[in-house]
Amino acid sequence: MQFIRLRLNGFKSFVDPTELVIAPGLTGVVGPNGCGKSNLLEALRWVMGENRPSAMRGGGMEDVIFAGTATRPARHFAEVQLDLDNSDRTAPAAFNHHASIDVTRRITREAGSAYRAAGGEVRARDVQMLFADASTGAHSPALVRQGQIAGLIGAKPKARRRILEEAAGISGLYQRRHEAELKLRGAEGNLDRVEDLLEALA
Ligand code: ATP
């Protein structure tokens, strides 16, 4: 599975529809201060399901929508689409019957985010899982932000281990284990309640 194209519309400084072709070998983006390099990386993380406003250089989630300038009015929505090439059929099972997968996230003021993948509406969790199973995602250490290298050098062993686990492709399994544990705890609670009822009836 390969990232092939990023399309932005109304996202941060990219008010007009903009396309970034992610050709093989692209490893970095350079340009003058303020030209939008960080916004491109944020768009990539955002479309993969980033949900922490703190991680998005701005206060609330709606701050990703073009806020307007002296000459252009603000927009009501922002949309980012990531096109994936799956001709090698390495996408996670739920999407693997598609040779190409387009993932879109759109946020509308006062209406929140909606996601689409491979032509259908999906939940944020489905998108996060698609990328986690492919060993990438909004928190992937492969997306290197400014200042992150210095942070990594000073990181604690536990944080470094998480990076290795991410590279080994097991972070999706952790998420599933966490969900299974929550379900198990719910089931145990139900069992306790049944036992109480049985005791009361005996
Ligand atoms: P630097 O290297 O200085 O960090 P950069 O190339 O990474 O620069 P970005 O941080 O990606 O640049 O872009 C910053 C620009 O995006 C600023 O001009 C900022 O005003 C603009 N910007 C950020 N959010 C919005 C928004 N919601 N609406 C309009 N413009 C925005």
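Me: Which residues of helix α1 are called buried, and what makes a residue buried?
Reply: In helix α1 (residues 37–47), the buried residues are Leu40, Glu42, Ala43, Leu44, Arg45, Trp46 and Val47. A residue is buried if 20 or more other C-beta atoms lie within 10 Å of its own, exposed if 12 or fewer, and partly exposed in between, with C-beta atoms placed from the backbone. The model is predicted: local features need pLDDT of at least 70, side-chain atom pairs count only at pLDDT 80 or more, and totals for chains, interfaces and linings use all residues. Residues are numbered from 1 along each chain as its sequence is written.

Me: What covers the buried residues of α1?
Reply: The cover includes β1 (2–9), β2 (18–21), β3 (77–85) and β4 (100–108). Helices (H or I, at least four residues) and strands (E, at least two) are DSSP runs, numbered from the N terminus.

Me: Why is lysine 37 called partly exposed?
Reply: Lysine 37, which lies in helix α1, has 16 other C-beta atoms within 10 Å, and is therefore partly exposed.

Me: What does lysine 37 touch, not counting residues up to four places away in sequence?
Reply: Lysine 37 touches Val29 and Gly31 on that count; two residues are in contact if their C-beta atoms, placed from the backbone, lie within 7 Å.

Me: Why is asparagine 33 called exposed?
Reply: Asparagine 33, found in the loop between β2 and α1, has 5 other C-beta atoms within 10 Å, so this residue is exposed.
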